[in-house]
Amino acid sequence: MEVRELVKRYPKAQTNAVDGLTFAVAGGEIFGLLGPNGAGKSTTIGILTTRVRPTAGQALIANVDVMVAPRTVRSLLGVVPQRNNLDRSLSVRQNLLFHAAYHGVPKAVRARRAEALLEQFALTDRANEKPELFSGGQNQRMMIARTLMHDPSVLFLDEPTTGLDPAARLFVWDRIRELREAGVTIVLTTHDMDEAAALADRVGIVDSGRLLALDTPAALVRGLATGASLQIAVELADERGLAGLLDRLGTLAGVQRCEQVGAEALGHTIRLYLTGEPAAMVGPVAAAVAEVGARLIGVEIGEASLEDVFIDLTGRSLR
Amino acid sequence: MVRGPSFALMLRSFGSVLRRDIVVTGKDLVAFLAQVLLQPVFFLFVFGKLLTSLGYTSSGYSNLLFPGLVALTATVTAIQAMAFPLVAEFSWTKEIEDRLLAPLPLWAVAGEKVVFATLRALVASAVMFPIGIGVLGSIPYRADGLGLLIGVLLLGSLVGACIGMTVGTFVPPTKINIAFALIFTPLLFTGATQYPWPSLGQHLRWFQVLSAVNPITYVSEGMRAALVPNIPHIPGWICLLALAGSLAIFGTLGMIGFRHRAID
């Protein structure tokens, strides 16, 4: 799957919703598009799934241009939209069966597949009910099961766990991981950095329709100017020893810089910005603290997250 | 290179989408028939039976009214079967998305809706015949007119479906109720349903011109040409031609609207 210089400007809009996106997704990969609401994630999915006409650029699924052969593309992809679009006039099972029929799946195959997916997505009990009064989690499970009925090779999940409770969210995550094991290419959008970090092999960070960074979650975090950090609390015998301690800590190998971030009755909090692994620095830091006659009373490892990457790139928080 | 979906697949897919609509309607066939037939049945009873029995209208009036009411039922049923679900599916339930993502061309998804609305309209108008016998005692029928009757009803239903698609895709969803109130009532009373169009020439020329713009007029007049040719009517071939023209116009408009709603 590949997009090249993709641009979408909606009629009457002042700016481009998608503004020159270029990226490629390898077969069997989980690719996450991470960005705040309105970043252009859903529009990008819309173009790739033939529902939005791009203003410029090209989008290819399995080397097929979505604009040139939309029907071929639709037979290859599965879509789980952000909003519930289940057929409320049909039962759960019928939703699955008719979806497969629309895609020309033979009758025997669709019956077999429906039973297996109902089982896998824990829907067998309610298979004959209409999805009118289902919870968000059940609807989401149904929509994923439905789209798998025609055995798509690329699966698009638009905000797959937004609004779900933690258990439902983990259930969906597990199913997504199973699909990757089965070789399905997955493109998911999310504004949740934890989700991107937990699921995606690679993450593209988008904002205002532009791709700001693209790499594995680990590499994105590592690439931060401010990487991991270590926060310590110390008790000083003499208040005047603080400057000396900060100087001493600053000279340790692996410490980029350090600063006092809090002072309380119990002691001082100092944050050390590190270039290496935080855990490996605990020993040398403790030794340095002891050296100046202070007492170490607390240590906390602060791992940088994709949220920090986003703040670093845009100067704004993700939410 | 990936091979595209075959024509056979497209036909199967189209058939499945149509089957879905038939299955869903089949589940509440009685509700569907009650919904579309209540109004024409009352029309038939009050104007065809009651007023005639009381002596306010001549006995021939029911023969004039019946073909018009069948025509109205067919067209209005098709418009409603198309417009309301289309508005809901595009705006609120989003149900149409699953079909728009099937390996079907866009025109086939729209075409299925037209075919289904037409089927509903034809079923409703067919049921009007036994109801007519029940209410009126007897209805005008002419075996010679059967071909024209089927042709006019079929084209009338298709035109109704395409009008429904045009309204359902061009009118913003929040305004659909007001749009229907403003569109339906004039359509109902300018479609030569309750009066023979040619007779208007001597009395109300302006109303005749107005009626000539309403496609339902040609369905009503075509039905009279088929069933009661002794009543003044527009010749059948002109009706068929006018309906074919309306179909071309509203089919094109409806498809433009559908494409506009389906793809951003």
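Which residue just after α11(A) takes a positive phi? The residue is Gly315(A), with a phi of about 75°. Before going further, note that this is a predicted model, where local features need pLDDT of at least 70, side-chain atom pairs count only at pLDDT 80 or more, and totals for chains, interfaces and linings use all residues. Residues are numbered from 1 along each chain as its sequence is written, while chains are lettered from A and ligands numbered from 1 in the order in which they are written.

**Chain A**

Let's start with the overall build. Chain A has 11 helices and 14 strands, where helices (H or I, at least four residues) and strands (E, at least two) are DSSP runs numbered from the N terminus. Its radius of gyration is 25 Å, well over the 20 Å that the globule rule gives for 319 residues, so chain A is more spread out than a compact globule. Here the radius is taken over C-alpha atoms, and the rule is 2.2 Å times the number of residues to the power 0.38. Along its principal axes, the C-alpha trace of chain A spans about 80 × 45 × 35 Å.

Buried residues make up 44% of the 319 residues in chain A; a residue is buried if 20 or more other C-beta atoms, placed from the backbone, lie within 10 Å of its own. Helix α11 of chain A (residues 306-314) has Leu306(A), Asp308(A), Val309(A) and Phe310(A) buried.

**Chain B**

Over in chain B, helix α2 (residues 29-53) and helix α3 (residues 61-91) pack at an angle of about 170°, with their axes 10 Å apart. That makes α2(B) roughly antiparallel to α3(B), a label for angles over 145 degrees. Among the residues making the contact are Phe43(B) and Phe47(B) of α2(B) and Leu65(B) and Phe66(B) of α3(B); two residues are in contact if their C-beta atoms, placed from the backbone, lie within 7 Å.

**Where the chains meet**

The contact between the chains takes 25 residues from chain B and 28 residues from chain A. On the side of chain B that touches chain A, α1 (7-27) and α4 (97-100) of chain B are the elements that give two or more residues. The largest share, seven residues, comes from α1(B).

Definitions and conventions
A residue is buried if 20 or more other C-beta atoms lie within 10 Å of its own, exposed if 12 or fewer, and partly exposed in between; C-beta atoms are placed from the backbone. Axes are lines fitted to C-alpha atoms, for helices over the stretch in contact, and angles run from 0 to 180 degrees between N-to-C directions. Angles under 35 degrees count as roughly parallel, over 145 as roughly antiparallel, 65 to 115 as roughly perpendicular and the rest as oblique.
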